[in-house]
Amino acid sequence: MGPTGKDAGQAPSGIGPEENGTVGGLFGCCNEITEQVLAERRLALGLERHAQVLGNMDEAFLLMDRDFRVLEVNARTERLLAHPREALLGATYWDLYPGARDAEIGRVYRKVLADGQPASLEYPYGEVDGKPRWFDVRAFPTDEGIAVLFRDITDRRQDAAHAALAAERVHLA
């Protein structure tokens, strides 16, 4: 039996062919979805703009949830950390960098999450491609967790150390 109480194969009265083969009625329904389509287009443009900004920025970007699980990275992050996106996304920061939880970087990330206040530091990241690296790290609270922007400042730190050494030599001379 169908919803009308008739056999499921039988059309309700007034809808479908009459006994003489003519159409006995027509039922139509439509919904106005212009606003929905326009909103979806605006959302798609916003997401495209977001991806373009992250892709073109000079700084590395890392978004983590409240469990420090990596939600999003940009291409610069992949290059600086020497890890492909697939290895980063979904992993916790602590699993990726086991010693980081108790290091200064881990304390800063946990404090940003707990206090809801941005923080920054210069951090000796370790070796990338066999070279020790320093990063300038800025972390910001978000509704989901924390966003991190960082850049490689190794050359700047080395230049500053060379300048300080040269100044000391001049002073001693």
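The model is predicted. The protein chain has 173 residues, of which 27% are buried. Its secondary structure amounts to 6 helices and 5 strands, arranged along the sequence as α-β-β-α-α-α-α-β-β-β-α.

**Overall figures**

- About 11900 Å² of the protein chain is accessible surface, and carbon and sulfur atoms account for 54% of that area.
- Of the contacts between residues at least 6 apart in sequence, 33% link residues at least 24 apart.

**The sheet**

- The 5 strands form an open sheet in the order E2-E1-E5-E4-E3, and the pairing is antiparallel.
- Strand E2 (70–73) and strand E3 (119–128) are the edge strands, each pairing on one side only.
- From one strand to the next, the twist averages 25°.
- Helix H5 (residues 104–115) packs on the sheet, where it touches strand E1 (60–65), E3, E4 and E5. The direction of H5 makes about 145° with that of E3.
- Strand E4 (residues 131–141) and strand E5 (residues 145–152) run antiparallel and are joined by 7 bridges. Within E5, arginine 151 is the residue opposite aspartate 136.

- E1 is mostly covered, with 6 of its 6 residues buried.
- In a regular strand, side chains alternate between the two faces of the sheet. In E1, Ala60, Leu62 and Met64 point one way, while Phe61, Leu63 and Asp65 point the other way.
- E1 and E5 run antiparallel, with 6 bridges between them. Aspartate 65 has glycine 145 in E5 as its bridge partner.
- On E2, the antiparallel pairing with E1 extends over 3 bridges, and valine 73 is the bridge partner of leucine 62.
- The hairpin of E1 and E2 has 4 residues between the strands, and phenylalanine 68 in this hairpin takes a positive phi near 65°.

**Nonpolar cores**

- The largest nonpolar core holds 29 residues, and those touching the most other members are Met64, Tyr93, Ile105, Tyr109, Val137, Val148 and Phe150.
- Two or more residues of this core come from each of E1, E2, helix H2 (75–81), helix H4 (93–96), H5, E3, E4 and E5. H5 supplies the largest share, 5 residues.
- Beyond its neighbours within four places in sequence, valine 137 is in contact with Ile105, Tyr109, Ala119, Ser120, Leu121, Tyr123, Val148, Leu149 and Phe150.
- Another core, of 5 residues, lies apart from the largest one and includes Leu54, Phe61, Ala147 and Leu149.

**Arginine 133**

- Arginine 133 is located in strand E4.
- Arginine 133 has a relative accessible area of 18%, and it counts as buried because the cut-off is under 20%.
- The side chains of arginine 133 and aspartate 152 make a polar contact at 3.4 Å.
- Residues up to four places away in sequence aside, arginine 133 touches Tyr123, Pro124, Tyr125, Gly126, Val128, Asp152 and Thr154.

Technical notes
Residues are numbered from 1 along each chain as its sequence is written. This is a predicted model: local features need pLDDT of at least 70, side-chain atom pairs count only at pLDDT 80 or more; totals for chains, interfaces and linings use all residues. Side-chain values use heavy atoms; hydrogens and water are left out. Buried means under 20% relative accessible area, exposed over 50%, partly exposed in between (1.4 Å probe, protein chains only). Contact means heavy atoms within 4.5 Å. Accessible areas come from the Shrake-Rupley method with a 1.4 Å probe; for residues, only the protein chains shown count as cover. Two strands pair if DSSP finds at least two bridges between them. Axes are lines fitted to C-alpha atoms, for helices over the stretch in contact, and angles run from 0 to 180 degrees between N-to-C directions. A nonpolar core is a set of buried Ala, Val, Leu, Ile, Met, Phe, Trp, Tyr and Cys residues joined through side-chain atoms within 4.5 Å. A polar contact is a pair of N or O atoms within 3.5 Å; within protein, one must be able to donate a hydrogen and the other to accept it, and residues adjacent in sequence count only if both atoms are side-chain atoms.
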